[in-house]
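Keep the 3D view open as you read.

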Amino acid sequence: MPEEEHVSRRLSQLVLPVYPEHRMFRIHDPEVSPEDPGAPLPPVGVLVSANREQLWVGSLQQEVSVRVVIEEWDGQPLLPESWDEEAKARLHLRGYLSLDMGSVGKAVSGLRLSGGVGGYEVRVYARYRERVQKLYSELHQHSDPLSDEFQREKRKLEGVERYLIQLWRDS
């Protein structure tokens, strides 16, 4: 009898706005502080920077919301279509996940993972970053952040930059 191939199922999905601080946000085990010794270097010029328990995602903007989708799968998912950039990492998580925006606070604090404690494969995808660079430069042509022009340009940026973060227990 031929073996059936396992088709991965998405176990959970969370869609949320995230406000990057210093052009980044962090995915990490809730018991680990992003300021702990051995933390990853800031992801300057790259999509992600990671160590064993933290994944720092580099954004092209700050203090303007980006759209983040976090998905947990029961196995490696098929590659999604229409994403511009991709990065991979491995994390060890104690059954929970946090998404930290720095001084803004946590967008997610202690999301329970179905996979429990152990190693996770993580893929991060980004979209619309070239468009964001153009819009962000237009925003900073206006020197007064309280001006109507600045606020109008800022609204154009809200949620344009997008991220898909998929994770699953490694085998």
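H22 sits in the loop that links β1 and β2 (24-28). Strands like these are DSSP runs of E with at least two residues, helices are runs of H or I with at least four, and both are numbered from the N terminus. What you're looking at is a predicted model, where local features need pLDDT of at least 70 and side-chain atom pairs count only at pLDDT 80 or more, while totals for chains, interfaces and linings use all residues. Residues are numbered from 1 along each chain as its sequence is written, and side-chain values use heavy atoms, with hydrogens and water left out.

Most residues other than glycine have a negative phi. H22 counts as exposed because its relative accessibility is 58% (exposed means over 50% relative accessible area, buried under 20%, and partly exposed in between, using a 1.4 Å probe and protein chains only). S82 has a positive phi too, about 70°, and isn't a glycine either. S82 lies in the loop between β5 and β6 (85-100), and at 56% relative accessibility S82 counts as exposed.

## A buried serine

Now hop over to S65, in the loop between β4 (54-58) and β5. Is S65 buried or exposed? S65 is buried, because its relative accessible area is 7%. Leaving out residues up to four places away in sequence, S65 touches P17, V18, Y19, L157, E158 and G159 (a contact means heavy atoms within 4.5 Å).

## The pocket and the cavity

Rolling a probe the size of a water molecule over the atoms shows where empty space is left. Here that's done on a 1 Å grid over the protein atoms alone: a cavity is a set of points where a 1.4 Å probe fits but cannot get out, while a pocket is an open set with protein on both sides within 12 Å along at least five of seven lines, and lining residues have an atom within 4 Å of a point. A volume is the space filled by probe spheres set on the points, which are joined across faces, edges and corners.

The largest pocket has a volume of about 150 Å³. H22 turns up again in its lining, along with others including R23, M24, P42 and R129. That lining splits into six nonpolar, four polar and two charged residues (Ala, Val, Leu, Ile, Met, Phe, Trp, Tyr, Cys and Pro count as nonpolar, Asp, Glu, Lys and Arg as charged, and the others, Gly among them, as polar).

There is one cavity of 30 Å³ or more. The largest cavity holds about 30 Å³ of space, and its lining is S12, L14, I70, E71, E72, L111, L113 and L167. Which strand gives the largest share of that lining? It's β5, with three residues. By class, the cavity lining has five nonpolar, one polar and two charged residues.

## Stepping back

The protein has two helices and eight strands, running β-β-β-β-β-β-β-α-α-β from the N terminus. Of its 171 residues, 45% count as buried. Among contacts between residues at least 6 apart in sequence, 79% join residues at least 24 apart.
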